[in-house]
Amino acid sequence: AASDVYKRQIQGREELLDEFSRWCEGSGFEVRLITGQGGQGKSRFLRELCKLRGEAGWVAGLLRRPPDIDAISAELTTGHSCIFAIDYAETWGKGLVEVLRTLHRARTTNRAIRLVLATRAAADWWEALRSDAAEVFALDALGVVVPLAPPAASPADSWNGAVACFQKARGSKIASVSTPPEDRLASWLCLLYTSDAADDSL
C-alpha cells in the first residue's frame with residue numbers, strides 16, 4: 001500500500017539520486033541540507049537514498065530524536081562508509097550539533113561519512129547550527145543547500161494517485177473520497193508519505 005505511494009513520489013528524482021550517489025564517493029565527512037515545501041517528497045528521498053546506500057554495503061538509516069550517540073558511535077566503529085539522514089532537522093536543536101560533532105570526529109581518509117538533513121527552509125536555525133558547530137563547517141567547508149524541485153505531478157494529481165494506490169491495496173474502492181482544499185493538499189500529502197517513516201529509523 002504505502003510502498004506504491006512511495007514509488008510514485010520518488011519518480012522524477014532519479015537524476016538527483018544519481019547526483020547524491022556521486023557525492024557519496026570519496027572519503028571524509030560531508031553534510032547536505034535538502035529544502036522543500038511539505039509534500040514535495042523530502043522524507044521519501046531520504047529513505048530512498050539510505051536504501052540505495054545500504055544496498056551498496058554502507059551503514060545507512062534515518063536517525064531518531066533524541067539521538068542515541070552511543071548507538072551512532074557503535075555504527076561508526078564498523079569501518080564501513082556511513083550515511084545518516086535527519087528529517088525535520090530544524091526541530092533537533094542542540095542534539096543536531098552533537099550528531100555533527102560525533103560524525104566529524106570519526107572522519108577518516110579511507111571511508112566516507114555523509115549526513116543529509118531535510119527541512120522546509122534554511123532559515124535562522126541553519127545559520128545558528130553553522131555557528132554552534134563552527135569547527136565542523138570551518139574545517140571541511142560543509143553545508144551545501146540543495147533545494148528540492150516540486151514534483152512533476154500537481155498536488156491534486158498526487159493525491160488522486162495516492163488514493164488509487166490505497167484502493168488497490170484494500171482490494172475495493174472507497175465509496176467517497178474528497179480532495180482536500182488546495183491550501184491543505186501539501187500537508188495531507190506530507191502526512192501520507194511519512195506515515196511509516198519510523199520503521200526505517202535508527
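Pro-66 sits in the loop between strand E2 (59-62) and H4, where helices (H or I, at least four residues) and strands (E, at least two) are DSSP runs numbered from the N terminus. A cis peptide bond joins Arg-65 and Pro-66, with omega at about -5°. Tyr-88, which lies in the loop between E3 and H5, has a positive phi of about 50° although it is not a glycine. Most residues other than glycine have a negative phi, and most peptide bonds are trans. At 36% relative accessibility, Tyr-88 counts as partly exposed; buried means under 20% relative accessible area, exposed over 50%, and partly exposed in between, with a 1.4 Å probe and protein chains only.

The model is a predicted one, in which local features need pLDDT of at least 70 and side-chain atom pairs count only at pLDDT 80 or more, while totals for chains, interfaces and linings use all residues. Residues are numbered from 1 along each chain as its sequence is written, and side-chain values use heavy atoms, with hydrogens and water left out.

**The chain as a whole**

The secondary structure of the chain comes to nine helices and five strands, and from the N terminus on the elements run α-α-β-α-β-α-β-α-β-α-α-β-α-α. Of the 202 residues, 47% count as buried. Among contacts with a separation of 6 or more, residues 24 or more positions apart account for 78%, a contact being heavy atoms within 4.5 Å.

**The nonpolar cores**

A nonpolar core is a set of buried Ala, Val, Leu, Ile, Met, Phe, Trp, Tyr and Cys residues joined through side-chain atoms within 4.5 Å. In soluble globular proteins, nonpolar side chains tend to be buried together. The largest core here has 28 residues, of which Leu-115 and Leu-117 touch the most other members. At least two residues of this core are supplied by each of strand E1 (28-35), helix H4 (69-76), strand E3 (82-86), helix H5 (94-105), strand E4 (112-119), helix H6 (124-132) and helix H7 (134-140), and the largest share, five residues, comes from H5. Leaving out residues up to four places away in sequence, Leu-117 touches Val-31, Arg-32, Leu-33, Ile-34, Ile-86, Ala-89, Leu-96, Trp-126 and Leu-129. Apart from this core lies another, of 18 residues, among them Ile-34, Leu-46, Ile-83 and Val-116.

**Two helix pairs**

Two packed helices are described by the angle between their axes and the distance between the axes. The axes used here are lines fitted to C-alpha atoms, for helices over the stretch in contact, and the angles run from 0 to 180 degrees between N-to-C directions.

| Helix pair | Axes come within | Crossing angle |
|---|---|---|
| H2 (residues 14-23) and H3 (residues 42-55) | 11 Å | roughly 50° |
| H4 and H5 | 10 Å | roughly 20° |

The angle of roughly 50° between H2 and H3 makes H2 oblique to H3, whereas H4 and H5 are roughly parallel to each other; angles under 35 degrees count as roughly parallel, over 145 as roughly antiparallel, 65 to 115 as roughly perpendicular and the rest as oblique. The crossing of H2 and H3 is right-handed, and H4 likewise passes H5 in a right-handed crossing, a term that applies if the near helix is turned clockwise from the far one by less than a right angle, with anticlockwise giving left-handed.

In the second pair, Ile-69, Ile-72, Ser-73 and Leu-76 in H4 meet Glu-98, Val-99, Thr-102 and Leu-103 in H5, a contact of five nonpolar, two polar and one charged residues.

**Individual residues**

Leu-49, found in helix H3, is buried, with a relative accessible area of 1%. Beyond four places in sequence, Leu-49 touches Leu-17, Phe-20, Ile-83 and Val-116; Leu-49 and Leu-17 are 32 residues apart in sequence and 6.6 Å apart in space, C-alpha to C-alpha.

Thr-35, in strand E1, is buried at a relative accessible area of 10%. Leaving aside neighbours within four places in sequence, Thr-35 is in contact with Lys-42, Thr-119, Arg-120, Ala-121, Ala-122, Val-145, Val-146, Pro-147 and Leu-148. One of these residues, Ala-121, is in the loop between E4 and H6 and counts as partly exposed at 41% relative accessibility. The C-alpha atoms of Ala-121 and Gly-36, 85 residues apart along the chain, are separated by 6.6 Å.

Conventions:
Ala, Val, Leu, Ile, Met, Phe, Trp, Tyr, Cys and Pro count as nonpolar, Asp, Glu, Lys and Arg as charged, and the others, Gly among them, as polar.
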